[in-house]
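Subject: Handing over the structure

Dear colleague,

I am passing this structure on to you, and below it you will find what turned up when I went through it. Please keep it open beside you as you read.

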Amino acid sequence: MIQRPVPWNYYQNVVTSSYSYVWWNWSRWEKEIDWMALQGVNLPLAFTGQEAIWQKVFMDFNISKDELNDFFGGPAFLAWARMGNLHGWGGPLSQNWLDQQLNLQKQILSRMSELGMVPVLPSFSGNVPEALKKIHPSANITRLGDWNTVDGNPKWCCTYLLDPSDPLFVEIGEAFVRKQIKEYGDVTDIYNCDTFNENSPPSNDTTYISMLGAAVYTAMSQGDKDAVWLMQGWLFYSDSAFWKPPQMKALLHSVPVGKMIVLDLFADVKPIWETSAQFYGTPYVWCLLHNFGGNIEMYGILDAISSGPVDARTSDNSTMVGVGMCMEGIEHNPVVYELMSEMAFRSKKVLVAEWLKAYSRRRYGKTVDQVEAAWEILYHTIYNCTDGIADHNTDFIVKLPDWDPSTISASSFGKQEKMLLPFHLSPGRRFLFQVTGSKFPQAHLWYSTNFVVDALELFLHAGNYLKESLPFRYDLVDLTRQVLSKLANKVYVDAVTAYQQKDAKALHFHSKKFLQLIKDIDLLLACDDNFLLGTWLESAKALAATPSEMRQYEWNARTQVTMWYDTNRTVQSKLHDYANKFWSGLLEDYYLPRASSYFSYLTKSLRKNEKFELEEWRKEWISYSNKWQSETQIYTVKAKGDALEIAKTLYKNYFG
């Protein structure tokens, strides 16, 4: 028997519901909740179906169903409508969606409770429909500023916030908590609220901030007398200029002792507990953030995971009460989440090198020397990112090339500084880092790509013994994808450099190679069920009750992973590619045409000795993207091809 060193094991981010769970049915949820139980998770977010509760609550406040159509976002964008970042985008929500999701939530909560978990339900953060301002003209309701639209379009932006100091705030907050209890029963006393997440209070006066915090808690506690407020600590990192120690203390101490838990959301990279005297005595959960937008990228900091929670728990005057996983999107980097899950039960630091040997044996079913050697390399390279940069996948295959190379200094290309590796691999090899601050946008690279190519070679040799293992196939496909994508970054820079040097022959050679890499990676990804665009699209369509719903859901699904938000004819979405994915189908039909079009504009510019037509290229691409977002082409949900043979061929072609 192993005793937990801390009581809570938290799971989910407030946006995971949109980036990963949005199209799930009960069968998929049941599988996830089983996984949660096996990992010891006992404090999961339970955000599904809340729009149906809000519909009931706001109708009690004399707001009609039609007036709520503009308040809720579409299915793939609900997380940001809930946070008051946007409204209406991708909507409206049908009654079928609302009812279906409410029923699903009841199944989710029932199973979580059966397995001994304490679900975390949402609470009122102040985000209200425009109609409430008309019904209560004297209420303290303010319109927020723009959040990432291209031209401040009020159709999508600038939502309404009811100030917590207004008596109506407590009234609505209490009604929402009571309505949830009526629908679900008494399943929890823990509620999430992030009123101030990326939304600073109008005053930094500590008395005012304390009053706001007290009002937020009062709204919960009047609905549930035993309520505990669970709050993301992201604001203390993202808006540290506002949240100085006096303001932090004012908020954290605005509720009764023991009635607030803070998530130290980014503790794997930027722990707040160290610089805030343990959140000034407030209980907190040490969390791994790790992923943004559900991007597919092999990345992690295994040493931070293996030691960070232990250091926090054993520090002087520690107020740590749990560990947690808060990734924006799931279904990637299994090794990271396997280790993090174990930290809920480990009281001592983990020797990662030894742990990885046991991990690979458990994962693949047998001990294979080449795989153990490969994981040793991956541990010190891909899974040793210590540069402090939040890892969004910005590889050039998935990043919109929205720049004119002729305006960028050639000297900014390929700048790298060398740094010795912290352990010995082979003579003469060095760790390559890109210099930040160059004008040319650079892909994130924190390790020696040569070493990782060596790890891939070891994986390929191990394939003779492990080709029947599905986890091995997944890891092989992912590692090959990672290696080829980083190679494509170099090829891309070579192509753009050739353009700058007016070398048409070299531009043709390198651009052709870049396009071929996209095709080859798409072929590789098609070999494994976990890397298919079709799965995402078909699961969205499966939730629809009518043809129009089906088109709406597919548009939502396609838009989230591409442009994300609004565009105009010449300006692409500010959030384009935020949720980019390395999925077969998406590479072939979206990223490939984009790169091909961009390079054709570069080639035309050289051939005619004319200026690169950046605005024309933007128009063409935005038009193509918007058309693709509205298409209904069917993509396969079945893998095809021999992953090991394709990976071997690609290795030989590019590195042999």
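A residue is called buried here if its relative accessible area is under 20%. Please bear in mind throughout that this is a predicted model.

With that cut-off in hand, strand S9 (residues 260-264) is mostly covered, since five of its five residues are buried. In a regular strand the side chains alternate between the two faces of the sheet. Both faces of S9 are covered, with Met260, Val262 and Asp264 buried on one side and Ile261 and Leu263 buried on the other.

The neighbours of S9 come next. Strand S8 (residues 228-232) runs parallel to S9 and is joined to it by four bridges, with Leu230 standing opposite Ile261. Strand S10 (residues 284-288) also pairs with S9 in the parallel sense, over three bridges, and here Leu263 stands opposite Val285.

These strands belong to an open sheet of eight, in the order S2-S1-S11-S10-S9-S8-S7-S3, in which the pairing is parallel. Strand S2 (43-44) and S3 stand at the edges with a single partner strand each, so one side of each has no neighbour in the sheet.

Just after H3, Asn62 takes a positive phi of about 70 degrees.

Helix H8 also meets helix H9 (residues 206-221), their axes coming within 7 Å and crossing at roughly 35 degrees, and the crossing is right-handed. On the H8 side the contact is made by Phe169, Val170, Gly173, Glu174 and Val177, and on the H9 side by Ala215, Val216, Thr218, Ala219 and Met220. The residues of this contact of H8 with H9 divide into seven nonpolar, two polar and one charged.

Finally, the cysteines. How many disulfides does a search of the whole structure find? There is one, formed by Cys157 and Cys158, whose sulfur atoms are 2.3 Å apart. The torsion about the S-S bond of Cys157 and Cys158 is about -65 degrees, so the disulfide is left-handed. Cys157 and Cys158 are both buried. Cys287, by contrast, is in no disulfide, and the nearest cysteine sulfur, that of Cys326, is 3.5 Å away; Cys287 counts as buried because its relative accessibility is 0%. For Cys385, the closest cysteine sulfur is in Cys326 at 18 Å, which is too far for a bond, and at 2% relative accessibility Cys385 likewise counts as buried.

With best wishes

Methods:
Residues numbered from 1 in each chain as written. Predicted model: local features only at pLDDT ≥ 70, side-chain atom pairs only at ≥ 80, totals over all residues. Heavy atoms only, no water. Disulfide = S-S within 2.5 Å. Buried < 20%, exposed > 50% of the residue type's maximum accessible area, 1.4 Å probe, protein only. Helix = DSSP H or I, 4+ residues; strand = E, 2+ residues; numbered from the N terminus. Axes fitted to C-alpha atoms, helices over the stretch in contact; angles between N-to-C directions. Left-handed = near helix turned anticlockwise from the far one by under 90°. Contact = heavy atoms within 4.5 Å. Nonpolar A, V, L, I, M, F, W, Y, C, P; charged D, E, K, R; others polar. Pairing = 2+ DSSP bridges.
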